[in-house]
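Hi everyone, thanks for making time this morning. Please have a look at the model on the screen, and then I'll walk you through how its pieces pack.

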Amino acid sequence: MSNTSGQPPIVLAGQYWSPYTRKMRAVLRYRQIPFRWMLRGSKWDDLPDAPVPIIPVIAYPNEAGDGYGDVTVDSSPQIMRLETEYEGRSVVPTDPALAFIDMLLEDFGDEWVTKMMYHYRWAYEPDIDKAGKLLPLGGNLQLDSDQAQQGYEFITQRQIGRRALVGSTEWNTPLIEDSYRQVLAMLQARFSRGDFLLGDRPGRGDFGIFGQLTQLVQFDPTSMQIAVDEAPKVIRWVERADDLSWLPVDGDDGWASIDDLDPAVKDLLGECGRTYAPFLAANAEALMSGADEVVCEIVGLDGKVREFRQAPFGYQGKCLKWLRDAYAALSDADRERVDGVLAGTGCEQLFA
Ligand SMILES: N[C@@H](CCC(=O)N[C@@H](CS)C(=O)NCC(=O)O)C(=O)O
């Protein structure tokens, strides 16, 4: 793809405080895909509206090359479209069975770890105060103090008001916070032995989890301190994963064998199966039955069963459908190898 202005063909528009924006910027950098970075909603933002007003967007030029005809949202489809349009340094493992595991890890990052991110940002006073002061300045440093104060009130009230929608309630707090510590411990263990989840190169799962961690371990004070104390390697990994354009990658080499996954990665699948999988299954049922609350049982780290409750979430219904479609599309032999890895993790309940 080319255009006449001498600019890189595609534009990534988002905000530094947005985990999905950071995810997509890291993917583009790692893949060495030329792009123009744009602060969404700033005075420089000349892109058309997206189909839904979320970030990040990736905009593709129109045929004539004088504007942007195609403005896309949602990071997972964005990643897959980039796979079809640009060769090399793929983030999708060549083995379809491993690629499925990677997709599941990405979804766990995007849809479960994001609950931790939202929770820590908007549950505790120091975190709320930091986000309230900094987020409104994301695209405009010339805000005067009145405007900044209005931005503070607006963003903190709106986001705190939405906590329950993603499940960040008093009731769910122990589950979400325990799961954060578990994920950190598992990643810390993984990085003691290797640099990425599925081998010597990053996949979709790395970038999904990375995106949320850019906020959890680098911005929000409460979750950041937990990472300093319990998982310092994870903090260094997040810094590194932000720009992997330098990482040597040789063709399709570097992926782990699905029969030889690191124990910590299996633990991560177990954490997905313990927490996200029951939620996702219950969410799908609630969407189908029209129930106004998702209630699912999650086994706590002490072995006691706890309930996780939140309103049904339409988007995550779509996520489960994508996962099930991908599972169904596997060959019998690949599906068997996936089943072998998922057996006993709790994730298998999504595909039974
Ligand atoms: N599923 C989307 C999620 C994108 C998303 O939810 N973005 C948030 C901020 S990180 C957003 O723009 N929300 C709009 C709003 O809160 O008004 C993805 O994978 O990119």
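Let me start with a question: at roughly what angle do the axes of helix 7 (residues 173-191) and helix 9 (residues 221-230) cross? The answer is roughly 40°, and the two axes come within 10 Å. Before I go on, a word on the source: this is a predicted model, where local features need pLDDT of at least 70, side-chain atom pairs count only at pLDDT 80 or more, and totals for chains, interfaces and linings use all residues. Residues are numbered from 1 along each chain as its sequence is written, and side-chain values use heavy atoms, with hydrogens and water left out.

Helices (H or I, at least four residues) and strands (E, at least two) are DSSP runs, numbered from the N terminus. Axes are lines fitted to C-alpha atoms, for helices over the stretch in contact, and angles run from 0 to 180 degrees between N-to-C directions. We call angles under 35 degrees roughly parallel, over 145 roughly antiparallel, 65 to 115 roughly perpendicular, and the rest oblique.

Back to our pair: helix 7 and helix 9 are therefore oblique to each other. Helix 7 passes helix 9 in a right-handed crossing, that is, the near helix is turned clockwise from the far one by less than a right angle. Where do they touch? Tyr-180, Arg-181, Leu-184 and Gln-188 of helix 7 meet Ser-223, Ile-226, Ala-227 and Glu-230 of helix 9, contact meaning heavy atoms within 4.5 Å. Those contact residues divide into four nonpolar, two polar and two charged. Here Ala, Val, Leu, Ile, Met, Phe, Trp, Tyr, Cys and Pro count as nonpolar, Asp, Glu, Lys and Arg as charged, and the others, Gly among them, as polar.

Now to helix 3 (residues 96-123), please. Its axis and that of helix 12 (residues 314-329) come within 10 Å and cross at roughly 170°, which makes helix 3 roughly antiparallel to helix 12. On the helix 3 side, the contact includes Phe-100, Met-103 and Leu-104, and on the helix 12 side, Trp-322 and Leu-323 are among the residues involved. By class, this contact has nine nonpolar, one polar and three charged residues.

Helix 3 also packs with helix 8 (residues 204-216), their axes coming within 7 Å and crossing at roughly 10°. Helix 3 and helix 8 are therefore roughly parallel to each other. The contact of helix 3 with helix 8 has eight nonpolar, six polar and six charged residues.

Four strands form an open sheet in the order 2-1-3-4, with mixed pairing, two strands counting as paired if DSSP finds at least two bridges between them. Strand 2 (35-39) and strand 4 (68-73) stand at the edges with a single partner strand each, so one side of each has no neighbour in the sheet. From one strand to the next, the twist averages 25°. Strand 3 (residues 57-61) and strand 4 run antiparallel, joined by five bridges, and Ile-58 has Thr-72 of strand 4 as its bridge partner.

Which helices lie across these strands? Helix 1 (residues 19-30) lies across strands 1, 2 and 3, at about 150° to strand 1, and helix 2 (residues 75-85) lies across strands 1, 3 and 4, at about 35° to strand 3.

Ile-55 and Pro-56 are joined by a cis peptide bond, with omega about 5°, and Pro-56 is in the loop between strand 2 and strand 3. Asp-74, in the loop between strand 4 and helix 2, has a positive phi near 80° although it is not glycine.

Finally, the domains. An automatic or database assignment gives domain 1 (10-85) and domain 2 (96-350). Their centres, taken over C-alpha atoms, are 22 Å apart, and 24 residues of domain 1 are in contact with 30 residues of domain 2.
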